[in-house]
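Colleague: Could you walk me through how to read a structure like this one? I would like the general idea each time, then the case at hand.

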Amino acid sequence: MAPFGIVFGAAAATAGLNMWQAVGYSALVFGGSSQFAAVEILGDGGSVASAAIAGLLLNVRSLAFGVIMARALAGPWWQRAAMSQLMIDESTAVGAAQEDLRWRRYGYLVAGLGVFGVWNLTTVIGFAVFSDAGDLITDLGLDAAGPAAFLALLWPRLVSPAQRRTAIAGALIALALIPVAPPGVPILASMFGVAVAAVWPPTEPASPVDEVSS
Amino acid sequence: MSAATSVLIIMTVGTYALKSAGPLVLGDRSLPVRMQQVVDLLPAALLAALAIVSTVGDGEQIVLDARLVGLVVAGLALWRRAPFVLVIVLASAATAFARLVA
């Protein structure tokens, strides 16, 4: 989490954001992969719409987390409203692992607040360290940190054949569109990889053996 | 207003709506099965696209350069179960080295 925050801060600086914007993403949006996606697309010259929609698509899963955690987060509406901001992978994973409703809530809040603190602090550090880096970014190969981070986020999802098919389809769609579509659009279009993975191959379930790609 | 600020505002509002829909509106009802499947698979498609485009994309061009070496090394490191920091450091170092010898 901490090194990931530093990589995000550095990516925001490289993409030309100012410090307030970088911290704004980490505190107000507070969704690691979506922030990364938006900054990557903006840095590549993509439109506001493509950056925002790609970011939001990566956060659609928060909706699923919300219904999982809803019972544990009962209370006055303003409490539920405040606790909802912490609805991320880590807080949901820790909370949902508990049986008792009180412990679910406690785990969710502690994990959420912990990640929120570390994430924002490391965003500032990453931004500050790399904001004037200039040529240093390419000299140190730090422009490969973004791609490596996206791959690291993707990796744990590749456990099921459906996820692997979706990833391959999404990557191929995006790759094919780079030369013909404005920046950002290839990323957005990759969402149709979900549909491709649903119909191809037609026989289910696929053998995991011939699906292993690396 | 800069593009980054516009995106920030849209994503703040949209993301909060997604985060709070369960606790504030829907309660603990489960999502339709089809929708749950799409929600589960969406990140894989987008993250794979982001990995590829940030590696070989340069505006509207495909450019194969030292970043590709970094991505391959990152994949190998992840396959060997390296922690996140090591994956980033190895990918960056491999890219820097590839530039040096190219």
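Modeller: Gladly! Let us begin with pLDDT, which is the predictor's confidence in each residue, from 0 to 100. This is a predicted model, in which local features need pLDDT of at least 70, side-chain atom pairs count only at pLDDT 80 or more, and totals for chains, interfaces and linings use all residues. Residues are numbered from 1 along each chain as its sequence is written, while chains are lettered from A and ligands numbered from 1 in the order in which they are written.

Colleague: Where in chain A does pLDDT stay under 50?

Modeller: That happens over residues 206-214 of chain A, for which the model has 9 contacts beyond four places in sequence. Two residues are in contact if their C-beta atoms, placed from the backbone, lie within 7 Å. For chain A the mean pLDDT is 89, with 93% of residues reaching 70 or more. Helices (H or I, at least four residues) and strands (E, at least two) are DSSP runs, numbered from the N terminus.

Colleague: Which elements make up chain B, and in what order do they run?

Modeller: Chain B has 4 helices and 2 strands, arranged α-α-β-β-α-α from the N terminus on. Its C-alpha trace spans about 60 × 40 × 25 Å along the principal axes. The radius of gyration is taken over C-alpha atoms, and the globule rule is 2.2 Å times the number of residues to the power 0.38. Chain B has 19 Å, whereas a compact globule of 102 residues would have a value near 13 Å.

Colleague: How many residues of each chain take part in the contact between A and B?

Modeller: Chain A gives 84 residues and chain B gives 67. On the chain B side, α1(B) provides the largest share, 20 residues. That side divides into 42 nonpolar, 19 polar and 6 charged residues. Here Ala, Val, Leu, Ile, Met, Phe, Trp, Tyr, Cys and Pro count as nonpolar, Asp, Glu, Lys and Arg as charged, and the others, Gly among them, as polar.

Colleague: Which residues touch the most other members of the largest nonpolar core?

Modeller: A nonpolar core is a set of buried Ala, Val, Leu, Ile, Met, Phe, Trp, Tyr and Cys residues joined through C-beta atoms within 7 Å. A residue is buried if 20 or more other C-beta atoms lie within 10 Å of its own, exposed if 12 or fewer, and partly exposed in between; C-beta atoms are placed from the backbone. The largest core has 98 residues, and those touching the most other members include Ala54(A), Ala148(A), Leu46(B) and Ala74(B). The largest share, 12 residues, comes from α2(B). Leaving out residues up to four places away in sequence, the contacts of Ala74(B) include Pro147(A), Ala148(A), Val87(B) and Ala91(B).

Colleague: And what about backbone angles?

Modeller: Most residues other than glycine have a negative phi. Phe30(A), however, has a positive phi near 50 degrees and lies in the loop between α2 and α3 of chain A. Arg81(B) also has a positive phi, about 60 degrees, and is found in the loop between α3 and α4 of chain B.
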